[in-house]
Amino acid sequence: MKSHIIALSIALTAIISGRSQEWTYTDCVDYAREHNITLQKSILAEQTAEADLDAAKGQWQPTLDFATTHGYTNTPWSGGNRNAYASSYGLNGSWTVWDGGVRSDNIKIRQISLEQSRLATRDYIRTLETDLLQIYLNLLYAKETIEINTSAAALSEATAKRAHALMEAGKMSRVDYAQLQSQYEQDRYNLVNARATYDARRMELKQLLELGLESDITPAAVVWTTQQVLDPLPPMEESYDLACGLDLQLESLRLSQEAAALDAKVARAGHSPKISLSAGVGTGYYAPGSAFGSSLKQSWNEQIGLTLSIPILDQRKTRSAVAKARVQQLNSSLDADKRLITLSQLIENWYIDTRSAQARYEAALQQLESAQLTDELTNERFRIGYINPLELLSSHSALTEARHTLLQAKYMTILGKKMIEYYRTANVTLN
């Protein structure tokens, strides 16, 4: 409840102020839990499954109904009374004593269906969390990319201004100045592209949260240390075992196998005899005749009956139903096996990608350190006139590229580690 209030407060503040508000990853998850339309529909599906379960339990109750019939007859060529009125009133009830266990098995099937609906809702919540995680990290990556490109553009602008001053003083040719000015324009263009990418990623987050035009969103900054990025991963086999125990899709498929076995039992019950009990009371009135009250009293009747139904031939309907149920049971078993394979492949891929990203991150750290040192020396040599603009441009480009490489490796590593955490714990945290 507290998280809902926080998320709602953030949304209302954004709407009232009309300004961009900082949202943490947790804020996004809390808001999505309350407002995501697909999630709300999944909850409605749970309610439908609950209603189906109540209907299945109701099959154990007897039926009771009241019926009345009224008729008017006209016999124009009759020698006696030409017009007659007849009515009947009856209260009838019935109850199935034995149906081969179909009612009990149907209740179990509906209970399984309800549990699967609840699992589907929980699984969608997890999917929503991981989708938000990837989009949120992409947004943070785009935001830091802007910072890198802003720094590169500022450096290029300062260099171009200095080059212009040197050209005016006759210490630099127009060709060299044009090259440095061109680099500045290119860096400005890259910055514009980075901002456009950031806006696109922010729109993706708004769409997933289903925020309207009146709302804006800015991700809250998250800082990861080098140690956090490079911390070793837990054993892959252990992660797989934990994932198998927590995977909701796998649990739902196992329930499907149970439901298919019950369907087979229900189908086999088609060969079982059925016993039902019925009872009723009724009366009627006929006019012309005796008085209404006397007629009702004289016509009063009571009946009770026991019906035994033994199936003999049913056009192979029961046999076909049993065969289909067995096929469904085997199909559910195969789906469960496939899910286990899929889980193992997903986890292995995340481990491969994450370890590769960690290796790239370590290499990028060294590359960035080297590029920074080279850039500092190149700037100093350019200042005293020892190198030409092309060498300076190459140095600046190498530094910017090294920053981008490090940033990309960092976010690929963080995403992989968080996804592995999700498979191990069924929970996603960003810090």
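Is Ser156 buried or exposed? At 4% relative accessibility, Ser156 counts as buried, where buried means under 20% relative accessible area, exposed means over 50%, and partly exposed lies in between (1.4 Å probe, protein chains only). This briefing concerns a predicted model, in which local features need pLDDT of at least 70 and side-chain atom pairs count only at pLDDT 80 or more, while totals for chains, interfaces and linings use all residues. Residues are numbered from 1 along each chain as its sequence is written, and side-chain values use heavy atoms, with hydrogens and water left out.

**Overall form**

- The protein has 11 helices and 6 strands; helices (H or I, at least four residues) and strands (E, at least two) are DSSP runs, numbered from the N terminus.
- The radius of gyration is 38 Å, well over the 22 Å that the globule rule gives for 431 residues, so the protein is more spread out than a compact globule. The radius is taken over C-alpha atoms, and the globule rule is 2.2 Å times the number of residues to the power 0.38.
- Along the principal axes, the C-alpha atoms fill a box of roughly 135 × 50 × 40 Å.
- Of the 431 residues, 37% count as buried.
- The protein exposes about 24,900 Å², of which carbon and sulfur atoms supply 55%; accessible areas come from the Shrake-Rupley method with a 1.4 Å probe, and for residues only the protein chains shown count as cover.
- Among contacts with a separation of 6 or more, 79% come from residues 24 or more positions apart; contact means heavy atoms within 4.5 Å.

**Helix α8**

- Helix α8 covers residues 248–268, which makes 21 residues. From first C-alpha to last, α8 reaches 30 Å, close to the 30 Å expected at 1.5 Å a residue; the expected span is 1.5 Å times one less than the number of residues.
- Asp247 caps the N-terminal end of α8, with a side-chain oxygen 3.4 Å from the backbone nitrogen of Gln249.
- The buried residues of α8 include Leu248, Leu255, Ala259, Leu262 and Ala267.
- An α-helix has 3.6 residues a turn, so residues three or four places apart point the same way.
- The cover over the buried residues of α8 includes α4 (102–168), α7 (236–246) and α10 (317–383).

- Ser104 lies in helix α4 and is partly exposed, with a relative accessible area of 30%.
- The C-alpha atoms of Ser104 and Leu262 are separated by 9.8 Å, although these residues are 158 residues apart along the chain.
- Ser156, the residue of the opening question, is also found in helix α4. Not counting residues up to four places away in sequence, Ser156 touches Gln183, Tyr184 and Asp187.
- Thr354 has its place in helix α10 and counts as buried at 0% relative accessibility.
- Leaving aside neighbours within four places in sequence, Thr354 is in contact with Leu233, Thr413, Gly416, Lys417 and Ile420.

**Strand pairing**

- Strand β2 (residues 63–74) and strand β3 (residues 83–98) pair in the antiparallel sense over 12 bridges; two strands pair if DSSP finds at least two bridges between them. Thr73 has Ala84 in β3 as its bridge partner.
- β3 also pairs with strand β5 (residues 274–287) in the antiparallel sense, over 13 bridges. In β5, Tyr285 is the bridge partner of Ser87, and Val281 is that of Leu91.
- β5 and β6 run antiparallel and are joined by 9 bridges. In β6, Leu308 is the bridge partner of Ile275.
- In a regular strand the side chains alternate between the two faces of the sheet.

**Residues with positive phi**

- Most residues other than glycine have a negative phi, and most peptide bonds are trans.
- Gln315 is not a glycine, yet its phi is positive, near 60°. Gln315 is placed in the loop between β6 (301–309) and α10, and is exposed, with a relative accessible area of 70%.
- Ala426 is not a glycine either and has a positive phi of about 60°. Ala426 lies in the segment after α11 (389–425), and at 16% relative accessibility Ala426 counts as buried.

Conventions: A polar contact is a pair of N or O atoms within 3.5 Å; within protein, one must be able to donate a hydrogen and the other to accept it, and residues adjacent in sequence count only if both atoms are side-chain atoms.
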